[in-house]
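Visitor: I have some questions about this one. Can we go through it together?
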Amino acid sequence: MRKSLLASTLALVFSSATLANNYAPLAEVRDQIKSPEYTQQEKERVVEQARIFLEDLYVHQYAKDIYYGISPTGHVNAVSEIHKVIAELDNLSTDQLHSRLTKIFKAQRDLHLVYVHPQPVRSYASYLPFEFDKTLDVFGNSEVRVSNILENITPYVTDSRLPEVGDKVVSYNGVSIHKVVEQNLNVGYGANEDAGFIRALSAITRKRHSVSLVPEQNDVTIEFVSHITGETYTTTIPWITRLPANSAASNNNETAIADLLAESTNIEAAEHELVKAELDSDSGTPFVTNPTADPEVSWAIREVDGKQVGYIKLDSFSVVGSIDYSLWLLIDLLQNQLADTDALVFDVRNNPGGLITYADRLVQLFANKSAKPTELRFINTQLNYDILHDTIFSTFGPHWQKVLADVVGTNARYTANASYITVPENNVFGQNYYKPVGVWSNAKTYSSGDVFTCAVQDNGVAKVYGEHTRTGAGGANVMRHSVFAQYIGAPYFEALPHGQEMTVSWRQMVRHGHNKNALIEDFGCVSDKVVPQTLDSLLDNGVGNFDTIARDLLNQSQSKSTVTFLQPHVSDLSGTDRTLSIEVTNTEFVDVYFNGQKMQRIQASAYGNSGKTIEYVIPDDAIEGQIKFVGLDGGNTPLWNGARYFY
């Protein structure tokens, strides 16, 4: 948490014995973090499965070479490098094999393409007891400062000075910090300049050994400048290693295959979040928030310049139960607790992703017209065709089969674009918030976090405020090898030995609207307005940056056309009449839809700011369903929309 050393020291009194048993200095446990020796057959299996992923499934393999170029010390061509490993396999030890494959996968700078190490190595992780972030000085020059203290592992640093939040990082093991960032661009997974910088900082302060090799040294020496006194000091900090849990973590084997196929998340960040709570209690929010029934969602209201500004923090696009359930909770929040706010800040900073369809469908809650879902495409390979036509994945959808069938046997590099759901399916709930909306992102906003951030731009729904110029640029649907092995198996896929895993960017995301045909991968979503991290924002947890965003939203021109629903979101017809009423202003027409079918156009002629009541009587033979109202101006341009449900 962003605390003083005094607060951190006091917190140690309450650290649990369980935590103490789960951590130890790397120097004491290094010998335990060893890969099992592989037989030649196991090596061949791992390399062949990696080849299939990189050559036959990896959708970004061409785009990466174009974006980064090829360099022996930087980005490498994944396909040519895996064939070199195959040719040299007889002479590679087990450790050399893991090292080579790790380098190939990481050099693509793609957090969806991950080579996961075997057990027991993958169950360990090593941390420094603080985190770094990129900030800007008063002249706009980049700096690196301590952004967070992981308070619960500071007891392991007994003989060295710990930094304070806000202290500036000068050098790391004797090398200037900016040079260290440059050296770690191709091992930190970060795409583009912003995400590359941020992920490089993560790579030198935490190493989950599921994806990262064990540090060569047991400690690091770092030079800091105190933000309080201006003094320069140097301290040596040990790596602290998280040990495997005594009991195996439970796996959710009930995940629907449809959700597995719609996943887009950062596996390294997802693993980190599982233990983040035991490392410290930093919520990542600028102020205290209220929890909801969804553990990924919290909210608050802050007064800025006499106005009420709503705040929603979405930690990930994972769901508990279903996407519908999560959306209903957000709708309830928008229509009740946040109903009287003057603007809304939707915070997806550090969001590692989740379900693409959740990110897509969330946009409708703020859209005055139908929101279009994200499009995706495959690379054109025989294996992709076979998977979608000859395996259980053939039930995934005829539109995916068609785009592959249209290009198989041709020289086309990619298929045509397709989406998970149709436009009507993407807009079942309609608009539920009618004031200015801002999306707050940063270079750690990744995967489905990118999807949502880009989608609000592509659909013209909200203004994007970034701590950095671009988001994390995770532009693909990610698939796990274990899913392919479980649901498809031989002759295409074989289970990996010793608990190994691989993930691959399977379908490439393609933007639409004003950014038609642009890729998310590597490019990310460009902020409409950059509100950077500074020393002040680190020290106040970002409250000042929130206020800057809020003021910008409040200064936006408000829509003169409004709608107020006079019935609750869901009505029981047995206890009321069948009339739905809305009050509108500055609206020429109101189109009425019943379960997606247009029923009638009402001439509203609601001019000026005095509300006019519009009524619609639900047909007598309608038992249950949705009534959707769409407000239009005289040129048939959508102004607002909203839905009510009845049974």
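Predicted model: local features only at pLDDT ≥ 70, side-chain atom pairs only at ≥ 80, totals over all residues.

Visitor: At what angle do helix 6 and helix 7 pack?
Guide: The angle is about 170 degrees. Angles over 145 degrees count as roughly antiparallel, so helix 6 is roughly antiparallel to helix 7.

Visitor: Which residues make the contact?
Guide: Helix 6 contributes A78, E81, I82, K84, V85 and E88. From helix 7 come L97, R100, L101 and I104.

Visitor: How does that contact split by class?
Guide: Six residues are nonpolar and four are charged, with no polar ones.

Visitor: Switching to cavities. How many turn up in the whole structure?
Guide: Four cavities of 30 Å³ or more are found.

Visitor: Which residues are closest to the centre of the largest one?
Guide: G188, Y189, S202, A203 and E268, out of 14 lining residues.

Visitor: And which elements give two or more residues to that lining?
Guide: Helix 9 (192–203) and strand 8 (206–208) do.

Visitor: What is the class make-up there?
Guide: The lining of the largest cavity has six charged, five nonpolar and three polar residues.

Visitor: What about the second largest cavity, how much space is in it?
Guide: About 50 Å³. Its lining consists of T374, V451, C454, A455, D458, V510, R511, H512 and I520.

Visitor: Which helix supplies the largest share of that lining?
Guide: Helix 16 (residues 448–458), with four residues.

Visitor: And the classes for this second lining?
Guide: Five residues are nonpolar, two are polar and two are charged.

Visitor: How many bridges join strand 25 to strand 31, and do the two run parallel or antiparallel?
Guide: Two bridges join them, and strand 25 runs parallel to strand 31 (residues 638–646).

Visitor: Which residue of strand 31 stands opposite S571?
Guide: F646 stands opposite S571.

Methods
Residues numbered from 1 in each chain as written. Heavy atoms only, no water. 1 Å grid on protein atoms, 1.4 Å probe; cavity = no way out; pocket = protein on both sides within 12 Å on 5 of 7 lines; lining within 4 Å. Points joined across faces, edges and corners; volume = space filled by probe spheres on them. Nonpolar A, V, L, I, M, F, W, Y, C, P; charged D, E, K, R; others polar. Axes fitted to C-alpha atoms, helices over the stretch in contact; angles between N-to-C directions. Parallel < 35°, antiparallel > 145°, perpendicular 65-115°, else oblique. Contact = heavy atoms within 4.5 Å. Pairing = 2+ DSSP bridges.
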